Amino acid sequence: MGRTLAQKVWDAHVVRSAPGEPDLLYIDLHLVHEVTSPQAFDGLRAAGRGVRRPDLTLATEDHNVPTLDVDKPIADPVSRAQVEALRANAAEFGVPIYSLGSAEQGIVHVVSPQMGLTQPGMTIVCGDSHTSTHGAFGALAFGIGTSEVEHVLATQTLPLTPFKTMAITVKGLLPEGVTAKDLILAVIARIGTGGGQGYVLEYRGDAIRALSMEARMTICNMSIEAGARAGMIAPDETTFTYIEGRPKAPTGPDWDAAVAYWRTLATDDDAEFDAEVVIDAGELSPFVTWGTNPGQGVPLSGRVPDPDDLADPVEQAAARKALDYMGLAAGTPMRQIGVDTVFLGSCTNGRIEDLRAAAEVLRGRHIADGVRMLVVPGSVRVRLAAMAEGLDRVFTDAGAEWRGAGCSMCLGMNPDTLAPQERSASTSNRNFEGRQGPGGRTHLVSPQVAAATAVRGTLSSPADLATA
Amino acid sequence: MEPFTVHTGTAVPLRASNVDTDQIIPAAYLKRITRHGYEDALFAAWRRDPGFVLNDPARAGATILVAGPDFGTGSSREHAVWALQDHGFRVVISSRFADIFRGNSGKGGLLTAVVDQAVVDRLWAASEADPATEVTVDLGARTIAFDDVVAPFEIDDYVRWRLLEGLDDIGITQQSAELIDAFEAGRPAFAPTTA
């Protein structure tokens, strides 16, 4: 029987396999940031252990960093101590690091692909659940905890029990105006926040093949929001074209050997998945969330659901709690929900293509009175590329704030937060209670919907602007 | 890590599903660089509500958290496990856990016991009726027992063995050092490095 993409990558990395025990898997790339690593480095020190392969390890500062005054010391002493701990640990253990101020600094999941470090067939881990992003290249990439960070630092391996595989087949093509973000939000609403639990999701079908690498990263990034360990997309010409010529891409004969190998990775025709979900791309439309987990979403044309209409009592209770937290009444049309903040950025939607898409909507327009919009590039390279295209001027002319690179308002760990009861349209990945700041209310949206919402002040798509 | 065999304690019934790790420990508390001292951070936002179950004096000293399905979703932060342990929890019982949270728990010695939702419902009712209800979690026998109920729970064989023995993963893996060396020698020339 044939094998799936995930099984092929797994099999190629098994160091040791024994009945009744997890497989020991070799890790090709270990990404590190300041929040989930200090205790791991402490553990190494306490045990007198070193980092086995600093040359397969890369550190960057992203979660804690401010996006204003980035040339000054970090104002919050606790954040500064954590960033300084990462710098000291990187120096002590010989790990390459991109610090604030470096042209390569940025969100870990934006930096690695843009350098060409993320390549098909690799195993990639990071102490961050959105490591699933790198699966867009056909890598097996997943988030780990701090104990596992320590384990990979010490041994460059991880003991793992094989994941199950689930095919998410997206038939047809996405309609005009429907984006990768809308697709993944619809997938999560369909299968639920626990629907992918224990699985690696493989996204397949014509709609996926037609997507750019940036769009594929958006989809794989949010696999974790469906409970999955990882999301993957088989590498193809789009993948190879994206990687070729980047700083860490293979060159010469190595490039040819690499591409020849990458072409063998696609799931075999006779391979079987443990589960399969089929989505009709033609039925999709712009999608937004109304609740406090990413599965609580509806089409933008829909209404806030009535908890009484839900069959499952557990979901009913969760919906009631969510509506209470979000300050929403059942039956409200989504388009009537007003926001005071719009956040464009994050490892989900902070890439150049995302900024271009939002800028296209904002060009020649101005954001609504009383709305603030933060535009936060995912990396310094994205910021520089956007400025070279003049996108920064489009944003500032429209009244938005043009910021430095980092995780910013995705997670309420740095100065960019919502105040209690403030409501955002956010291109990030989580609408959990307090995620963007205590008491803050988050609606997850695509970059295009974010931009249109900033202009109208209520949840909107670019199509709403044309008719306004 | 201390071996885990049998534990008896009282419970905290947490009637909520999809308890994500941002609720277990909000991001503001992740800036610390220590491995301990997170007891104040556990459910920090929810604890501001005087009616939150963890604020009930009758729950003081409880060591077993009983939660709705999909406990531990979201961020990979292992601080969620540390905060639960620092507060005194030894066991979390639910009908479904998020993968990364469950993995982190196993590494840190926090037992995650998967039982049918019907068992969760009975345990919620028993503990709400009498907060002093004692629950015994027997890892060897894979059972939880309270009142006249004895119910099996599910846990991965290997994780169970490691918890029973109190073993450190890195030490186990380093016994395979020669296999790691051999694998490394065979990696393709095109594999990238960060150096």
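What percentage of the 468 residues in chain A is buried? Buried residues make up 60% of the chain. A residue counts as buried if 20 or more other C-beta atoms lie within 10 Å of its own, as exposed if 12 or fewer do, and as partly exposed in between, with C-beta atoms placed from the backbone. The model is predicted, so local features need pLDDT of at least 70 and side-chain atom pairs count only at pLDDT 80 or more, while totals for chains, interfaces and linings use all residues. Residues are numbered from 1 along each chain as its sequence is written, and chains are lettered from A and ligands numbered from 1 in the order in which they are written.

The model scores ipTM 0.92 and pTM 0.95. For chain B, the mean pLDDT (the predictor's confidence in each residue, from 0 to 100) is 96. In that chain, 100% of residues reach 70 or more.

Chain A contains 17 helices and 19 strands. These are DSSP runs numbered from the N terminus: helices are H or I with at least four residues, strands E with at least two. Its radius of gyration is 21 Å, close to the 23 Å from the globule rule for 468 residues, so chain A is as compact as a globular protein of that length. The radius is taken over C-alpha atoms, and the rule is 2.2 Å times the number of residues to the power 0.38. The C-alpha trace spans about 60 × 55 × 45 Å along its principal axes.

One open sheet of chain A has five strands in the order β5-β4-β3-β6-β7, with parallel pairing. Two strands pair if DSSP finds at least two bridges between them. The edge strands, β5 (97-98) and β7 (140-143) of chain A, each pair on one side only. Strands β3 (residues 29-32) and β6 (residues 123-126) of chain A are joined by three bridges. A:L31 stands opposite A:C126 in β6(A).

The contact between the chains takes 67 residues from chain A and 49 residues from chain B. Two residues are in contact if their C-beta atoms, placed from the backbone, lie within 7 Å. On the chain B side, α3(B) gives the largest share, six residues.

Two residues other than glycine have positive phi values. Phi is near 70 degrees at A:Q421, in the loop between β17 (401-402) and β18 (423-426) of chain A. A:Q421 counts as exposed because it has 10 C-beta neighbours inside 10 Å. Phi is near 50 degrees at B:N18, in the loop between β1 (6-14) and α1 of chain B. B:N18 has 31 such neighbours inside 10 Å, so B:N18 counts as buried.
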